[in-house]
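Subject: Structure handover

Hello,

Here is the structure I said I would pass on. My notes on it follow below.

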Amino acid sequence: MTIRVGDLVEISSKEDGYLGSYYVAQVVSPKPTKNKNKFTVEYQTLFSEKDHQKRLREVVNAADVRPCPPLIRVSGFDVMEVVDAYYEEGWWIGRVTGRVGADRYSVYFDSTGDEFEYSSCDLRIHQEWEDGIWVPSQTKSYGFLA
C-alpha cells in the first residue's frame with residue numbers, strides 16, 4: 001500500500017516511555033530527501049507544546065508509518081489476548097489480564113509494567129502491518145505469550 005498526502009496513518013513511537021504506542025496522524029507531505037524515506041505528519045490527538053491549540057507536526061521516518069488498521073468487531077476479549085488500549089491520546093500494545101464486570105478489562109503493558117482497567121470501547125484487537133498485510137494478534141506469536 002502506498003502512503004499518500006492526506007492519508008490517515010498511525011505513527012509508531014520509539015521514544016523512551018512511549019515505546020509500543022501508536023498515534024493517528026495525517027500525512028501532510030513527503031519530506032523532500034534523496035531517498036524519500038520520511039513524511040511530514042500532523043497528529044490528530046497531539047498538540048504543540050508552545051500552542052496547545054495547534055496540532056503537532058513533525059517529520060517521521062517512513063518505517064514508523066503504517067496505515068490505520070481495520071476495525072475487527074469482537075464481542076469480548078480473552079485473558080492473555082494482545083490488544084491495543086487507547087490511553088493518553090494513543091494506542092498502546094498490552095495484553096488482557098482479566099475481566100472486571102460486564103464490559104471492563106484489566107490490561108497489562110510490558111513496555112511500562114503498568115496495569116489499568118479499560119472499557120471494551122477503548123480496546124481493539126492488536127494487529128501488525130507486515131509486508132502490506134494486517135496480521136491480527138490471534139495469528140501472530142508474541143514472546144510474552146509463550
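Leaving out neighbours within four places in sequence, V41 is in contact with I11, A25, Q26, V27, V28, L56, R57, E58 and V60, where contact means heavy atoms within 4.5 Å. V41 is also, with I11 and L123, among the residues with the most contacts inside the largest nonpolar core, which has 22 residues. A nonpolar core here is a set of buried Ala, Val, Leu, Ile, Met, Phe, Trp, Tyr and Cys residues joined through side-chain atoms within 4.5 Å. Two or more residues of this core come from each of β1 (8-12), β2 (21-30), β3 (38-47), β6, β7, β8 (104-109) and β10.

Before the rest, a word on the source. This is a predicted model, in which local features need pLDDT of at least 70 and side-chain atom pairs count only at pLDDT 80 or more, while totals for chains, interfaces and linings use all residues. Residues are numbered from 1 along each chain as its sequence is written, and side-chain values use heavy atoms, with hydrogens and water left out.

The chain has twelve strands and zero helices. Both are DSSP runs numbered from the N terminus: helices are H or I with at least four residues, strands are E with at least two.

Strands pair if DSSP finds at least two bridges between them. β6 (residues 82-87) pairs with β7 (residues 90-100) in the antiparallel sense, over six bridges. One of the bridge partners is W91 in β7, which goes with Y86. The two strands form a hairpin with two residues between them, and E88 in the turn has a positive phi of about 50 degrees. β6 also runs antiparallel to β10 (residues 123-125), joined to it by three bridges; there D84 stands opposite R124.

Of the 146 residues of the chain, 36% count as buried. Buried means under 20% relative accessible area, exposed over 50%, and partly exposed in between (1.4 Å probe, protein chains only). The chain exposes about 8,900 Å², of which carbon and sulfur atoms supply 50%; these areas come from the Shrake-Rupley method with a 1.4 Å probe, and for residues only the protein chains shown count as cover. Among contacts with a separation of 6 or more, 40% are between residues 24 or more positions apart.

On cysteines: C68 counts as partly exposed because its relative accessibility is 30%, and C121 counts as exposed because its value is 62%. The count of disulfides is zero, a disulfide being a pair of cysteine sulfur atoms within 2.5 Å.

Regards
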